[in-house]
Amino acid sequence: MSGLPMRNEGNFIVRLGHLVAWMGQQAEDLGVEVYPGTAASEVLFGKDGQVIGLATNDVGINKDGSPKDAFERGMEILAKQTIFAEGCHGHLTKKVIKKFNLREDSPLQTYGIGFKELWEIKESGWSPGHVEHGIGWPMSNGNYGGYFIYHYAGESPLIAFGFVMGLDYENPYQNPYKEFQRLKQHPHFDRLLDGGNRVAYGARALAEGGYQSIPKLTMPGGLLVGCTAGFLNVPKIKGVHNALRSGRIAAESVYKHICGDDNSEKSQEVLSYPVALKNSPVWKELYDVRNIRPSMDALGLGMFGCVLYTGLIWYFLRGKEPWTFKLKGN
């Protein structure tokens, strides 16, 4: 339906793995050092407690802890500003959030889990550019979640088929992965996948708190971007665009900070970053949909209440309602 938050008309369908590979090449062409397959293991702090960089893991270690012939010591990468872009619930981000008390004025984050499978289907069922979003079955009214399907354009009839479910479900015997498998048994999906071949699959956690759960975004020597900060648009199940936008804003803010153009060169925090972000499409987008996910619990009607709120209140007010619902458990 036109105007609803899940509508995708005018958007581009891309394979994120291909996009990231292309962006990595563009970065290297500009002189940026990229370390694929190298994980950061530790945040480095200066004498005043500020973030001064990251350290990577040692590699080439036997199971007993002894070094292999190919052993290499991890690196210390020092920087005037470190941008944390770990995605949802990153282990380094958790440390700096706790150390600098970045959640002092924001509720705790809430989470979901998402599964995505890449299928090569029969050409008769393939419609390049077609997008589907759906909610409800096989989950009960007390569960938040739904499915998505993207038909890629290309030489092969590929689709991305995924399922997302909030992790606040109350039934301890419920299994999100099995719910995804139950979904495939519906005749609509059975016809689509019949005769097809699953070529790739994966899963990841999602930060579902939205606008209400955004923490303080800066600390001495560092700042948060993308899903690390919780910039996922939950109704759309999309966060890549906001990760790109916030990353660009962070880069511009850090550059001005280091060059002293934002009048805060004496501060170890890039204070211009949250100001610029709040004046960007990222903030407006998250603010406009802030009540959709929590309406499920705020109205006490489960997923039915969420649909009712979206169709009646949000459709006409578009986020301009003068109230903000609290998140469940906060």
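Helices (H or I, at least four residues) and strands (E, at least two) are DSSP runs here, numbered from the N terminus. The model you are looking at is predicted, with local features needing pLDDT of at least 70 and side-chain atom pairs counting only at pLDDT 80 or more, while totals for chains, interfaces and linings use all residues. Residues are numbered from 1 along each chain as its sequence is written, and side-chain values use heavy atoms, leaving out hydrogens and water.

Let us start with a stretch that comes with a label. At residues 111–206, an unreviewed UniProt entry places the feature "domain: ETF-QO/FixC ubiquinone-binding"; UniProt positions follow the numbering used here, feature names are shortened, and annotations may be inferred rather than shown by experiment. The chain over residues 111–206 is 17% helix and 43% strand, and its end C-alpha atoms are 5 Å apart.

Now follow the strands. An open sheet is formed by 5 strands in the order β8-β9-β10-β7-β11, with antiparallel pairing; two strands pair if DSSP finds at least two bridges between them. Because β8 (131–135) and β11 (197–207) stand at the edges with a single partner strand each, one side of each is left without a neighbour in the sheet. From one strand to the next, the twist averages 15 degrees. Axes are lines fitted to C-alpha atoms, for helices over the stretch in contact, and angles run from 0 to 180 degrees between N-to-C directions.

Within this sheet, β7 (residues 111–120) and β10 (residues 158–166) are antiparallel partners over 9 bridges. Leu 118 stands opposite Ala 160 in β10. Helix α3 (residues 176–184) lies across β7, β9 (145–151), β10 and β11, and runs at about 130 degrees to β10. Contact here means heavy atoms within 4.5 Å.

What about the interior? In soluble globular proteins, nonpolar side chains tend to be buried together. A nonpolar core is a set of buried Ala, Val, Leu, Ile, Met, Phe, Trp, Tyr and Cys residues joined through side-chain atoms within 4.5 Å. Buried means under 20% relative accessible area, exposed over 50%, and partly exposed in between (1.4 Å probe, protein chains only). The largest such core has 25 residues, of which Phe 84, Leu 217, Met 219, Phe 231, Tyr 273 and Leu 277 touch the most other members. Two or more residues each come from α2 (91–99), β13 (222–224), α6 (240–259), α7 (272–278) and α8 (281–288). Not counting residues up to four places away in sequence, Leu 277 touches Leu 217, Phe 231, Ser 246, Ile 249, Val 282 and Trp 283. A second, separate core of 17 residues includes Leu 118, Tyr 152, Leu 158 and Leu 232.

Helix α8 also holds Asp 288, which is buried, with a relative accessible area of 16%. Leaving aside residues up to four places away in sequence, Asp 288 touches Trp 314, Arg 318 and Gly 319. Asp 288 and Tyr 211 are 77 residues apart in sequence and 8.9 Å apart in space, C-alpha to C-alpha.

Asn 101, in the loop between α2 and β7, has a positive phi of about 50 degrees although it is not a glycine. Its relative accessibility is 42%, so Asn 101 counts as partly exposed. Ile 237, in the loop between α5 (226–229) and α6, is not a glycine but has a positive phi of about 55 degrees. With 25% relative accessibility, Ile 237 counts as partly exposed.
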